[in-house]
Amino acid sequence: MINFNGNIVAEEDNILTQNRAFLYGDGVFETVKIINNKILFLEDHYFRLMASMRVVRMEIPMNFTMEYFEEQILNLVQQKGISASARARITVFRKEGGFYLPKTNEVSYLIHATVLEDVLYTLNSAEYEVDLYKDFYVTKQLLSSIKTTNKMINVTGSIFAHENGLANCILLNDTKNVVEVLQGNLFMVVGNKLITPPVSEGCLNGVMRKQILALAKKVEGIEVVEEIISPFDLQKADELFLTNVITGIQPITKYRKKDFTSNLAQLLLQKLNESISEN
């Protein structure tokens with residue numbers, strides 16, 4: 001028996017009782033975007049998930065191939081009738097048993113999906129103000145670069161942003177340098193230079209981050225670098241924008257008292273949509 005919200009019920013009535021992702025954050029996940037029954041950047045998502053499972057010492061099932069990964073996700077969105085434009089999340093967690101020390105490294109997974117309004121990426125030109133979140137810091141370690149089910153910094157940061165009328169917050173690492181934003185990677189444009197923090201600073205090894213770096217390197221006159229960004233550097237920028245697989249590119253319009261343009265962000269978004277249409 002267990003007590004759930006003041007009611008004594010059978011333990012088997014609540015599937016969370018033994019779920020290790022719920023109890024210990026013992027899970028990893030990927031969020032993908034589906035357009036016209038196709039998972040965007042499938043290979044990148046699959047290999048990042050496999051790498052994440054290895055980092056946390058999960059046993060990868062023999063049948064968990066990229067084709068299986070694709071089939072399971074697409075089967076769900078097709079059954080729901082949302083394969084034209086959808087987002088799906090696959091969460092992989094260690095099977096129940098044990099406390100901090102699991103009884104097994106075998107895994108289970110859960111996929112859920114929701115419809116998206118837009119098929120291709122669009123640029124949101126509405127006001128988008130950000131500020132620093134300094135209550136907690138991201139540590140510079142390998143775990144910070146993968147997507148685990150422990151996202152308490154992102155949750156508390158999102159509450160802080162909401163309470164302060166901000167669209168997003170910028171996260172710092174334990175050496176007080178810029179890492180990323182709450183929902184994606186951060187890019188900064190200074191003159192003809194596009195800068196994003198290296199993964200070694202603790203930022204997520206983002207799938208969209210990889211696409212934008214590759215596209216930007218093909219833009220004539222733009223120098224693309226991965227280097228440390230301090231909070232003081234942000235106010236010297238001409239542009240700031242964030243990236244993730246669901247949104248694509250989101251320009252930041254204001255940080256502290258400075259307003260920013262979005263010229264390169266618009267160009268890169270156009271090239272991103274062109275690359276998707278070609279494929």
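Predicted model: local features only at pLDDT ≥ 70, side-chain atom pairs only at ≥ 80, totals over all residues.
**View 1. The salt bridge between lysine 236 and aspartate 233.** Lysine 236 and aspartate 233 form a salt bridge in which the closest N and O atoms are 3.8 Å apart.

View 2. Aspartate 26 and arginine 94 are joined by a salt bridge, with 2.8 Å between the closest N and O atoms. Aspartate 26 sits in the loop between helix H1 (20-24) and strand S3 (27-35), while arginine 94 belongs to strand S5 (residues 85-94), so the pair ties together parts that lie 68 residues apart in sequence. Aspartate 26 and arginine 94 are both buried. Beyond this pair, a network of salt bridges links Arg20, Asp26 and Arg94.

**View 3. The salt bridge between lysine 95 and glutamate 106.** The side chains of lysine 95 and glutamate 106 come together in a salt bridge, with an N to O distance of 3.8 Å. Both lysine 95 and glutamate 106 are placed in the loop between S5 and strand S6 (107-115), and the pair, 11 residues apart, links distant parts of the chain. Lysine 95 counts as partly exposed at 34% relative accessibility, and glutamate 106 also counts as partly exposed, at 37%. As background to these pairings, side chains of opposite charge can pair when their charged atoms come close.

View 4. On the surface, a patch of negative charge gathers Glu11, Glu12, Asp13 and Glu96. One of these residues, glutamate 12, is located in the loop between strand S2 (7-9) and H1, and with a relative accessibility of 66% glutamate 12 counts as exposed. Asparagine 19 likewise has its place in the loop between S2 and H1, but asparagine 19 is buried, because its relative accessible area of 18% is under the 20% limit. The side chain of asparagine 19 reaches the backbone nitrogen of alanine 21 at a distance of 3.0 Å.

**View 5. A nonpolar patch on the surface.** Ile15, Leu16, Phe22, Leu23, Tyr24, Phe99 and Tyr100 make up a nonpolar surface patch, and together they present about 870 Å² of accessible area. Among them, leucine 23 lies in helix H1 and counts as partly exposed, with a relative accessibility of 38%.

**View 6. Positive phi values at asparagine 36 and phenylalanine 41.** Most residues other than glycine have a negative phi. Asparagine 36, although not a glycine, has a positive phi of about 50 degrees, and phenylalanine 41, also a residue other than glycine, has a positive phi near 55 degrees. Asparagine 36 is placed in the loop between S3 and strand S4 (38-39), where a relative accessibility of 55% makes asparagine 36 count as exposed. Phenylalanine 41, in contrast, is found in the loop between S4 and helix H2 (42-55) and is buried, with a relative accessible area of 17%.

**View 7. The enclosed helix H5.** Helix H5 (residues 207-216) is largely enclosed by the rest of the structure, because eight of its 10 residues are buried. The buried residues of H5 are Val207, Met208, Arg209, Gln211, Ile212, Leu213, Leu215 and Ala216.

**View 8. Glycine 248 in strand S14.** Glycine 248 has its place in strand S14 (residues 248-252) and is buried, with a relative accessible area of 0%. Its C-alpha atom is separated by 19 Å from the C-alpha atom of valine 199, and glycine 248 and valine 199 are 49 residues apart along the chain.

Terms used
Residues numbered from 1 in each chain as written. Heavy atoms only, no water. Salt bridge = Lys/Arg side-chain N within 4 Å of Asp/Glu carboxyl O. Helix = DSSP H or I, 4+ residues; strand = E, 2+ residues; numbered from the N terminus. Buried < 20%, exposed > 50% of the residue type's maximum accessible area, 1.4 Å probe, protein only. Patch = residues over 30% accessible without salt bridge, like charges linked within 9 Å, V, L, I, M, F, W, Y side chains within 5 Å. Areas by Shrake-Rupley, 256 points an atom, 1.4 Å probe, with all protein chains shown as cover. Lys, Arg positive; Asp, Glu negative; His and termini not counted. Charge placed at Lys NZ, Arg CZ, Asp CG, Glu CD. Polar contact = N/O pair within 3.5 Å; in protein donor to acceptor, adjacent residues only side chain to side chain.
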